[in-house]
Amino acid sequence: MPGVVAYTFDDGPAEHNDQLLAILKKKNVKATFFVLGRMIALNDQQAGALKKILADGHQLASHTYSHGDLSNMTEAEMQKEMSTTSDIMFTHSGIRPRYMRAPYGSCGEPCLKVMADLGLTVSHWNVDTNDWQYKDEANPLVATNKSMAEINSKIVANSDPKQDSFIVLQHELEKFSVEHLTDTVIDAVLKAGYRFVTMEECIGVPAYLPGSIVPTTTAATSAGSATNIPTAATTTTLRATQTPNQSSAVATTSRLWTVLSSVVFVFVALL
Ligand SMILES: [Zn+2]
């Protein structure tokens with residue numbers, strides 16, 4: 001779908017999550033959180049973040065349990081990374097994520113096969129803030145400017161919202177990134193003519209696996225004025241309301257998916 005930016009936050013839930021949610025709410029931006037099982041297991045505050053994320057209409061997705069490199073794991077180890085994370089996410093939020101992002105973007109053929117067998121959608125990115133690289137920069141504004149480099153070159157200077165769309169990668173671990181970069185990214189992306197969407201809306205594949213209990217607030221936010229649509233499976237309703245007709249939705253989805261798949265494969269080839 002052209003004209004959209006999926007804003008994604010990796011490696012949480014972390015200590016600044018409440019602050020991040022407040023900024024996104026103030027700006028009325030929906031994002032996608034690729035969370036780690038081990039971060040959820042760390043303490044009650046971080047486990048509690050999952051429900052808050054969903055209540056604000058954001059999407060939850062998996063970033064594995066340990067943040068290890070999947071390409072160095074056996075099939076059984078990869079399956080355990082995903083199932084343990086899915087279980088802990090279900091325990092604390094009622095959902096089982098369909099979207100996953102491999103740490104370091106590292107998911108070769110064996111990994112892609114495991115993820116496909118588990119019914120998961122492997123998610124890459126095409127704009128990186130590289131915010132983690134600037135965490136030791138003393139001045140948060142300098143760190144923010146450096147983190148804006150790819151957004152400025154790829155989205156602000158060289159794109160057309162009539163035909164382009166982007167998936168932006170950021171992390172929620174660094175204080176400057178939450179406090180300064182988030183606002184800056186949102187303002188730049190909106191000014192460039194894009195609107196923010198979740199990964200579900202960007203790719204067109206439902207966010208959660210069957211058996212998930214999706215909060216009504218999320219459905220209401222995504223579905224918009226869908227109250228006149230007869231009862232249907234939540235995911236069907238969501239998708240049906242996103243575009244005027246299903247065939248164009250499917251076509252757009254498959255085109256985007258082809259592009260994203262090639263991004264994944266190109267990236268893997270580069271490793
Ligand atoms: Zn990560």
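**Figure 1. Burial and overall make-up of the protein chain.** Of the 271 residues in the protein chain of this predicted model, 40% are buried. The secondary structure of the chain comes to 12 helices and 8 strands. When contacts in the protein chain between residues at least 6 apart in sequence are considered, 75% of them join residues that are at least 24 apart.

**Figure 2. Confidence along the predicted chain.** The average pLDDT of the protein chain is 85, and 80% of the residues reach a score of at least 70. Over residues 218–271, however, the pLDDT is below 50, and this stretch has 44 contacts in the model beyond near neighbours in sequence.

**Figure 3. Helix 1 against helix 8.** Helix 1, which covers residues 17–27, and helix 8 have axes that come within 10 Å and cross at roughly 25°. Because angles under 35 degrees count as roughly parallel, helix 1 is described as roughly parallel to helix 8. The crossing in which helix 1 passes helix 8 is right-handed. On the side of helix 1 the contact involves Q19, L20, I23 and K27, which meet V178, E179, T182, D183 and I186 in helix 8. Sorted by class, the residues of this contact between helix 1 and helix 8 are 4 nonpolar, 2 polar and 3 charged.

**Figure 4. Helix 6 against helix 8.** Helix 8, spanning residues 175–191, also packs with helix 6, spanning residues 140–147, at an angle of about 50° and with the two axes 9 Å apart. Helix 6 and helix 8 are therefore oblique to each other, and their crossing is right-handed. From helix 6, the residues P140, L141, A143, T144 and S147 meet F176, S177, E179, H180, L181 and T184 of helix 8. The contact of helix 6 with helix 8 has, by class, 5 nonpolar, 5 polar and 1 charged residues.

**Figure 5. Helix 4 against helix 5.** Helix 4 (residues 75–93) packs with helix 5 (residues 109–117) at an angle of about 50°, and the axes of the two helices lie 10 Å apart. That angle makes helix 4 oblique to helix 5, and helix 4 passes helix 5 in a right-handed crossing. The contact is made by E75, M78 and Q79 from helix 4, together with P110, C111 and V114 from helix 5. Divided by class, the residues of this contact between helix 4 and helix 5 are 4 nonpolar, 1 polar and 1 charged.

**Figure 6. K80 in helix 4.** The residue shown here, K80, has its place in helix 4. K80 counts as partly exposed because it has 15 C-beta neighbours inside 10 Å, whereas a buried residue would need 20 or more and an exposed one 12 or fewer. Although K80 and Y65 are 15 residues apart in sequence, their C-alpha atoms are 8.5 Å apart in space.

**Figure 7. A41 in the loop between helix 2 and helix 3.** A41 lies in the loop that runs between helix 2 (37–40) and helix 3 (44–55). With 15 other C-beta atoms within 10 Å, A41 is partly exposed. A41 and P13 are separated by 28 residues in sequence, while the distance between them in space, from C-alpha to C-alpha, is 9.8 Å.

Definitions and conventions. Residues numbered from 1 in each chain as written. Predicted model: local features only at pLDDT ≥ 70, side-chain atom pairs only at ≥ 80, totals over all residues. pLDDT = per-residue confidence, 0-100. Contact = placed C-beta atoms within 7 Å. Axes fitted to C-alpha atoms, helices over the stretch in contact; angles between N-to-C directions. Helix = DSSP H or I, 4+ residues; strand = E, 2+ residues; numbered from the N terminus. Parallel < 35°, antiparallel > 145°, perpendicular 65-115°, else oblique. Left-handed = near helix turned anticlockwise from the far one by under 90°. Nonpolar A, V, L, I, M, F, W, Y, C, P; charged D, E, K, R; others polar.
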